[in-house]
Amino acid sequence: MKALILVGGFGTRLRPLTLSVPKPLVDFANKPMILHQIEALKAIGVTEVVLAINYQPEIMLNFLKEFEKKLDIKITCSQETEPLGTAGPLALARDKLIDGSGEPFFVLNSDVISEYPLKEMIDFHKGHGGEASIMVTKVDEPSKYGVVVMEETTGKVEKFVEKPKIFVGNKINAGIYLLNPSVLDRIELRPTSIEKEVFPMIAGENKLYAMVLPGFWMDIGQPKDYITGLRLYLDSLRKKSSAELEAGSNIVGNVLVDESAVIGQGCLIGPDVAIGPGCIIESGVRLSRCTIMRGVRIKKHACISSSIIGWHSTVGRWARVENMTILGEDVHLGDEVYSNGGVVLPHKEIKSSILKPEIVM
């Protein structure tokens, strides 16, 4: 089987992290976002992953070379010269996706995190005999999204309603699809939307089916949702009673710590924290609801909550960092500095407090 991952886009909502690497390579729970998907695809027998990309393909491919070997899966690029929306990339990658087997292929959005029930999706797809399957997830506020209206028993999609003012359903597109090769005949090589143009056409012919996603789902393309996604992801590891989660008297709730990280005496860590490779957490540090990326040093008695600390940054002694502070790569926050929602661009030294949410250039 093959799969296409849509990795276009500049990742503007996740700046300043995406000023250092393309969005799919930003770490999430101690590994690049896109690796969560590639590993899930490999696990159900996908042999080739095509990355639909329009931005920095060399960086992506060079980076994924080691994983290609490690996971024994072929990773190739299909590069757009102009942004082609969410359907155009499929037409562009047509020759890479069609191999004459007639097998369906997966399409995934690169910033969606879930338990990826791909095996169940294959069974569902074969069971209904339609042309395309989409994964949907239930949400509390459907008026913010495009809602998928479907038959509850069969999963047959009736229509799509964009940001409905009155309640028509609570299921939205989760950005994971399984498509027959014939779907490619419906897509022209031009900027076009799979959600607004292609799927409604297939639904109109009663050939589109939706499967409700079991477990959690999050689009982690912006900081607030990234932090929420981390909580849901760690929670799902806990339910699987995963050995990856840290335990100990200084750990509260779900915490992921890379084995090469060093944690000092008297720290209190958790809930919902990921600490990356090579990090040094000095004594008396308090961490909650945050991601500490590779090579970061947190000095004594610093307190960090609801924030993302980018690669190789430093947080000074007794510093306090909270309220969706995002430190880009190689940012150095001084001793006793307070950051309330500061978004700091890479390679900066911060010596005075950031009292209200703002971007520090």
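This report describes the overall build of a predicted model, then a helix, a sheet and some aromatic pairs.

## Basis

The model is predicted: local features need pLDDT of at least 70, side-chain atom pairs count only at pLDDT 80 or more, and totals for chains, interfaces and linings use all residues. Residues are numbered from 1 along each chain as its sequence is written, and side-chain values use heavy atoms, with hydrogens and water left out.

## Overall build

The protein chain has 7 helices and 29 strands. Both are DSSP runs numbered from the N terminus: helices are H or I with at least four residues, strands are E with at least two. The radius of gyration is 21 Å, close to the 21 Å that the globule rule gives for 361 residues, so the chain is as compact as a globular protein of that length. That radius is taken over C-alpha atoms, and the rule is 2.2 Å times the number of residues to the power 0.38. The C-alpha trace spans about 65 × 45 × 40 Å along its principal axes.

Of the 361 residues, 55% count as buried. Buried means under 20% relative accessible area, exposed over 50%, and partly exposed in between (1.4 Å probe, protein chains only). Contact means heavy atoms within 4.5 Å. Among contacts between residues at least 6 apart in sequence, 49% join residues at least 24 apart.

## Helix H5

H5 covers residues 118-128. Its buried residues are Leu118, Met121, Ile122, Phe124, His125 and His128. Seen down the helix axis, they fall within an arc of 165°, so they line one face of H5. The arc is that of the directions from the helix axis to the C-beta atoms. The face turned away from the buried side carries the exposed residues Lys126 and Gly127.

Several elements cover the buried residues of H5, including helix H1 (33-43) and strands S6 (105-109), S8 (132-138), S11 (171-179) and S12 (208-212). Just after H5, Gly129 takes a positive phi of about 70°.

## His36 and the aromatic pairs

His36 is found in helix H1. It counts as buried, at 6% relative accessibility. Beyond its neighbours within four places in sequence, His36 is in contact with Phe28, Ala29, Lys31, Ile113, Tyr116 and Tyr233.

The structure holds 4 aromatic pairs. Phe28 and Tyr226 form an edge-to-face pair, 5.3 Å centre to centre with 85° between the planes. Phe28 lies in strand S2 (residues 27-28) and Tyr226 in helix H7 (residues 223-239), so the pair ties together parts 198 residues apart in sequence. Rings of Phe, Tyr and Trp (its six-membered ring) pair if their centres lie within 6.5 Å; planes under 30 degrees apart count as stacked, over 60 as edge-to-face and the rest as tilted. Phe28 is buried at 0% relative accessibility, and Tyr226 is buried at 0%. Phe28, Tyr226 and Tyr233 form one aromatic cluster.

## The C-terminal region

UniProt, in an unreviewed entry, places the feature "domain: Mannose-1-phosphate guanyltransferase C-terminal" at residues 251-360. UniProt positions follow the numbering used here, feature names are shortened, and annotations may be inferred rather than shown by experiment. Over residues 251-360 the chain is 0% helix and 44% strand. The end C-alpha atoms are 32 Å apart.

An open sheet of 6 strands runs in the order S15-S18-S20-S22-S25-S28, with parallel pairing. Its edge strands are S15 (262-263) and S28 (348-350), each pairing on one side only. Two strands pair if DSSP finds at least two bridges between them. S15 and S18 (residues 280-281) pair over 2 bridges. Val262 stands opposite Ile280 in S18.
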